[in-house]
Amino acid sequence: MSTENGLSKRFEITGGDFGKAGSISTKIKEILQEIGINSTIIRRTAIATYEAEMNVVMYAKKADLTLHLTPAEISIRVYDEGPGIENIEMAMQEGFSTATDEMREMGFGAGLGLPNIKKNADRFEISSTPGKGTALDITIYLNQEGKK
Amino acid sequence: MNQYFHSIRIDPEKCDGRMRCMRVCPTQAIRIRNGKAVIIEEKCIDCGECITACPNGAIIPLTDPFGELTKFRHTVAIPSPALYAQFGREILPDKILAGLKKLGFDDAFDQAFTCGEVSFAIQEYLREHKGPKPLISNACPTVVRLIQVKYPDLIDQIIPINTPREIASRDIKKKKSKQYGLKEKEIGAFYITPCPVKMISIKQPAEKGKSHLDGAISISDIYGPLLSAMESVEKASYKKALESICILGIGWAMVGGICRTLRLKNSLAVSGLNEIIKVFDDIERGKLRNIDFIEAYSCPQGCVGGSLTVENLYISYNKILKLIETLEYEKIKACPDIQEVRKLYKQKYFFLEGKLEPRPIKPLDEDLGKAIKKRKEKEEIYETLPKIDCGACGSPTCLTFAEDVVKGKSELTDCIFELPQRFKELSQELCELLNRIGPMNPAKPGSKKARKEE
Ligand SMILES: Nc1ncnc2c1ncn2[C@@H]1O[C@H](COP(=O)(O)OP(=O)(O)OP(=O)(O)O)[C@@H](O)[C@H]1O
Ligand code: SF4
Ligand code: SF4
Ligand SMILES: [Mg+2]
């Protein structure tokens with residue numbers, strides 16, 4: 001879209017691919033470091049991206065993650081194809097999780113991912129169509145007046 | 001320019017640009033320029049991987065020569081516990097310390113004892129700490145530098161307790177100057193080091209202060225002379241020698257030693273930079289919050305695997321492990337008095353004297369908008385590259401090459417895959433030119449080629 005005034009990069013995430021899980025948030029962190037973004041903002045971005053990435057790996061079939069960066073803000077969009085979320089309000093609650101026992105064995109499933117994304121983002125939108133997929137829009141402001 | 005002191009130097013005479021170092025460097029700090037390796041100072045974390053990788057011995061650790069001793073009126077050797085791991089099983093620390101004295105040091109101090117004190121101090125700190133977890137050990141200066149450069153947000157999780165080598169030399173100097181009526185600067189404290197990075201932690205401490213050590217002598221330099229010197233050391237009783245070993249301190253030579261001897265339940269021990277990076281990534285994602293303490297060593301198996309050690313690292317690891325097992329079995333604990341340590345701890349005796357600050361790599365541009373633009377250019381260049389990381393351009397990967405081009409450090413034509421393309425474009429332009437001037441020239445040079453190009 002507005003690629004003129006910024007940097008855009010697209011990544012693909014494959015559901016169930018635990019081997020590569022987390023690699024996108026690491027790549028995004030490196031990009032932000034090269035640009036010289038403040039380390040607290042990098043950390044917030046990395047955490048939000050990581051949680052979104054993991055949810056695709058755990059629950060969805062596949063997704064496109066787009067990073068869009070302008071001097072004003074970092075935006076991360078994750079659009080997945082998957083089962084979608086029936087009750088978003090419930091999913092957003094701390095502690096709510098439908099993770100399987102295997103996932104819990106691996107240390108996931110505390111039900112903290114989505115709330116954590118919200119906590120670390122300046123703006124967060126989530127929408128979902130059950131049976132089709134879920135869309136996340138995460139924004140983090142670069143000028144600190146943007147709050148947080 | 002020389003903002004950072006580094007513990008290694010490349011000898012251009014010996015370097016023939018084989019790229020081994022460039023490929024192993026974990027922070028992509030090496031480039032080949034004009035057939036020789038060069039180091040990008042701000043990126044180097046002094047891990048020493050390149051030293052081990054170079055088949056020509058062209059990367060030279062900057063440790064001190066033995067001659068430095070003559071500059072002082074009184075000298076003390078302070079060996080890293082990794083030195084104790086270099087010799088056969090029957091050779092215990094007491095003999096090694098005696099050997100060091102025979103080599104010309106006025107005294108040799110068993111640093112393992114201070115390591116033991118610091119282990120207790122770490123335990124105290126872990127108990128009191130309320131902030132984010134896990135806390136990370138600062139025993140390995142490479143790990144501290146890695147955090148400063150790549151994980152600046154984890155700096156506050158590095159335990160702010162000083163290293164045993166600094167505490168020991170501070171103490172020794174104080175005591176000796178009183179004892180012999182010498183000035184502190186007349187006493188030379190030399191660390192016997194398993195790696196060159198300890199050298200920079202002396203010349204340029206990570207926490208911006210002044211080191212109490214005066215130099216570092218590499219284990220590999222001292223090994224031979226020490227071995228002969230020990231031949232004339234009288235044999236002490238094995239049992240007695242064993243009884244003088246601080247089990248807590250000896251553990252500092254190998255990965256997991258601190259956790260094991262302190263019996264920390266909620267802790268992790270990692271070694272090897274690639275493994276450490278994985279763990280640090282997880283910490284950044286907030287995944288290891290239920291872990292209290294992480295012991296991390298850049299070298300495989302810990303300091304026993306340091307680049308300036310001599311013995312095979314698995315053998316030396318094993319020696320320390322067996323020693324710990326023996327001491328545990330015999331219930332020998334020649335360790336500092338924990339009450340005493342607690343008292344000193346309250347007096348801030350163990351804390352770092354300066355503050356650790358991040359050391360992030362310079363951004364692509366100081367101006368945010370321009371930096372974003374340059375990062376975009378980097379991406380665009382990268383997309384045109386073959387992505388096989390051949391290294392022929394002198395950069396370790398196609399991605400770093402793209403960055404070097406954006407930074408103006410490399411030319412796009414340095415990529416050998418770009419060259420044929422350039423030739424094609426050039427010859428096309430030439431043909432077009434010749435075609436245009438063709439009619440005026442009866443000889444029609446290049447016409448055959450021009451037709452082929454159609
Ligand atoms: N992309 C998605 N597609 C389908 N369902 C999802 C998706 N993301 C989250 N959910 C649902 O929302 C629940 C809550 O997600 P959240 O990330 O908060 O916790 P979790 O993934 O279960 O556990 P944690 O993130 O702490 O490991 C999930 O258990 C899952 O049922
Ligand atoms: S010491 Fe380590 S970081 Fe520095 S140039 Fe060598 S391999 Fe790279
Ligand atoms: S692990 Fe030990 S020997 Fe290796 S670099 Fe770190 S401090 Fe030096
Ligand atoms: Mg989740």
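**View 1. Domain 1 and domain 3 of chain B, whose centres, taken over C-alpha atoms, are separated by 24 Å.** The contact in this predicted model draws on 9 residues from domain 1 of chain B and 14 residues from domain 3 of chain B. Between them, the two domains of chain B bury about 760 Å², with 44% of that area on carbon and sulfur atoms. On the side of domain 1 of chain B, the residues that lose the most area to domain 3 of chain B are B:Met22, B:Arg31 and B:Arg33, and together they account for 50% of what that side buries. The domain assignment of chain B places domain 1 at 8-61 and domain 3 at 368-437, with domain 2 assigned to 66-346.

**View 2. The interface of chain A with chain B, in which about 2,100 Å² is buried between the two chains.** Here 27 residues of chain A are in contact with 24 residues of chain B, and 50% of the buried area lies on carbon and sulfur atoms. Within chain A, the residues A:Glu34, A:Ile35 and A:Arg43 supply 30% of the area that this chain buries against chain B, which is more than any other three residues supply.

**View 3. The shell of residues around ligand 2, drawn from chain B.** Ligand 2 is surrounded by the cysteines B:Cys25, B:Cys44, B:Cys47 and B:Cys50, together with B:Ile8, B:Pro26, B:Thr27, B:Ile30, B:Ile45, B:Asp46, B:Gly48 and B:Glu49. Sorted by class, the shell around ligand 2 comprises 8 nonpolar, 2 polar and 2 charged residues.

**View 4. The shell of residues around ligand 3, also drawn from chain B.** The residues around ligand 3 include the cysteines B:Cys140, B:Cys195, B:Cys299 and B:Cys303, and the remainder are B:Pro141, B:Thr142, B:Pro194, B:Val197, B:Lys198, B:Tyr297, B:Ser298 and B:Gly306. Two or more residues of this shell are given by each of α6 (141-150) and α8 (197-203) of chain B. By class, the shell around ligand 3 divides into 8 nonpolar, 3 polar and 1 charged.

**View 5. The second largest pocket, with a volume of about 1,000 Å³.** The lining of this pocket consists of 43 residues, and those closest to its centre are A:Asn55, A:Met58, A:Tyr59, A:Gly111 and A:Gly113. The elements of chain A that give two or more residues to the lining are the helices α2 (39-59), α3 (88-91) and α5 (113-120) and the strands β3 (73-81) and β5 (133-141). The largest share of the lining, 9 residues, comes from α2(A). In terms of residue class, the lining of the second largest pocket has 22 nonpolar, 14 polar and 7 charged residues.

**View 6. The largest cavity, with a volume of about 250 Å³.** The count of cavities of 30 Å³ or more comes to 8, and the largest cavity is lined by 19 residues, of which B:Asn162, B:Thr163, B:Ala206, B:Glu207 and B:Leu352 lie nearest its centre. Both α6 and α7 (164-180) of chain B supply at least two residues of this lining, and α6(B) gives the most, with 3 residues. The lining residues of the largest cavity divide into 6 nonpolar, 7 polar and 6 charged.

Methods:
Residues are numbered from 1 along each chain as its sequence is written. Chains are lettered from A and ligands numbered from 1 in the order in which they are written. This is a predicted model: local features need pLDDT of at least 70, side-chain atom pairs count only at pLDDT 80 or more; totals for chains, interfaces and linings use all residues. Side-chain values use heavy atoms; hydrogens and water are left out. A residue is near a molecule or strand if one of its heavy atoms lies within 4 Å of it. Helices (H or I, at least four residues) and strands (E, at least two) are DSSP runs, numbered from the N terminus. Ala, Val, Leu, Ile, Met, Phe, Trp, Tyr, Cys and Pro count as nonpolar, Asp, Glu, Lys and Arg as charged, and the others, Gly among them, as polar. On a 1 Å grid over the protein atoms alone, a cavity is a set of points where a 1.4 Å probe fits but cannot get out, and a pocket is an open set with protein on both sides within 12 Å along at least five of seven lines; lining residues have an atom within 4 Å of a point. Grid points are joined across faces, edges and corners, and a volume is the space filled by probe spheres set on the points. Domain bounds come from an automatic or database domain assignment. Contact means heavy atoms within 4.5 Å. Buried area is the accessible area (1.4 Å probe) that two parts lose on being put together, summed over both.
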